[in-house]
Amino acid sequence: MEAPIQDFSRYVGRDYDLDGVSLPEGSRAIIFYGAANRDPRQFRNPDRFDVRRDNAGRHMAFGTGPHICLGMNLAKLRCGPCSSRLRGRSNASISRRKSAC
Ligand code: HEM
């Protein structure tokens, strides 16, 4: 799924080892949500728009962990009418269009 926010950086508060990559205290780490949402290790056919895939809820569009988006539920609520319209379309039509939600 396309991530409206493609990346976000965070200040590294202490030396940290992330899967063998050392992040020194005081540096900045950038997470690329768009890339995470297309990670083939997480999602089968990652470039396919498929909101019904088994693990669709694992997307990173709103981040994750203690700093997950505070407005996530509001944003989902506001996207309701948009999703209803998309549900009325065929899968083929959905996969060709980019959703704003
Ligand atoms: C489609 C709409 C939105 C998207 C895709 C989005 C996405 C994100 C992402 C990716 C983050 C970073 C999460 C992380 O670091 O793990 C974030 C943080 C945040 N978002 Fe959103 N957001 C949306 C709408 C909103 C709205 C409507 C609000 C407020 C009304 C909001 C408030 C915040 C705040 C306050 C944070 C910082 C949370 C923290 O650092 O603890 N967002 N959002």
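Biologist: Is N45 exposed or buried, and how many other C-beta atoms lie within 10 Å?

Modeller: A residue is buried if 20 or more other C-beta atoms, placed from the backbone, lie within 10 Å of its own, exposed if 12 or fewer, and partly exposed in between. N45 is exposed because 10 other C-beta atoms lie within 10 Å. This is a predicted model, in which local features need pLDDT of at least 70 and side-chain atom pairs count only at pLDDT 80 or more, while totals for chains, interfaces and linings use all residues. Residues are numbered from 1 along each chain as its sequence is written.

Biologist: What is the phi of N45, and where does N45 lie?

Modeller: Most residues other than glycine have a negative phi. N45, although not a glycine, has a positive phi of about 45°, and its place is in the loop between α1 (33-37) and α2 (72-87). D19 likewise has a positive phi, near 50°; D19 sits in the loop between β2 (16-18) and β3 (21-23). D19 counts as exposed because it has 4 C-beta neighbours inside 10 Å.

Biologist: Which elements make up the protein?

Modeller: Helices (H or I, at least four residues) and strands (E, at least two) are DSSP runs, numbered from the N terminus. Here there are three helices and four strands, in the order β-β-β-β-α-α-α from the N terminus.

Biologist: How many bridges join β1 to β4?

Modeller: Two strands pair if DSSP finds at least two bridges between them. Five bridges join β1 to β4 (residues 28-32), and the two run antiparallel; F8 has I31 in β4 as its bridge partner.

Biologist: Where does α2 bend?

Modeller: The bend at a residue is the angle between axes fitted to the seven residues ending there and the seven starting there. For α2 it is about 45° at G80, and a proline, P81, follows within four residues. Across the 101 residues of the protein, buried residues make up 3%.

Biologist: How many residues surround the ligand?

Modeller: A residue is near a molecule if its C-beta atom, placed from the backbone, lies within 6 Å of it. The ligand is surrounded by 16 residues, the closest being G63, H67, C69, G71 and A75.

Biologist: What is the mean pLDDT of the protein, and where is confidence lowest?

Modeller: pLDDT is the predictor's confidence in each residue, from 0 to 100. The mean is 85, and 85% of residues reach 70 or more. Confidence is highest in β3, at 96, and lowest in helix α3 (residues 91-96), at a mean of 48. Over residues 92-101 the pLDDT is below 50. Where pLDDT is low, the predicted coordinates should not be read in detail.

Key
Contact = placed C-beta atoms within 7 Å.
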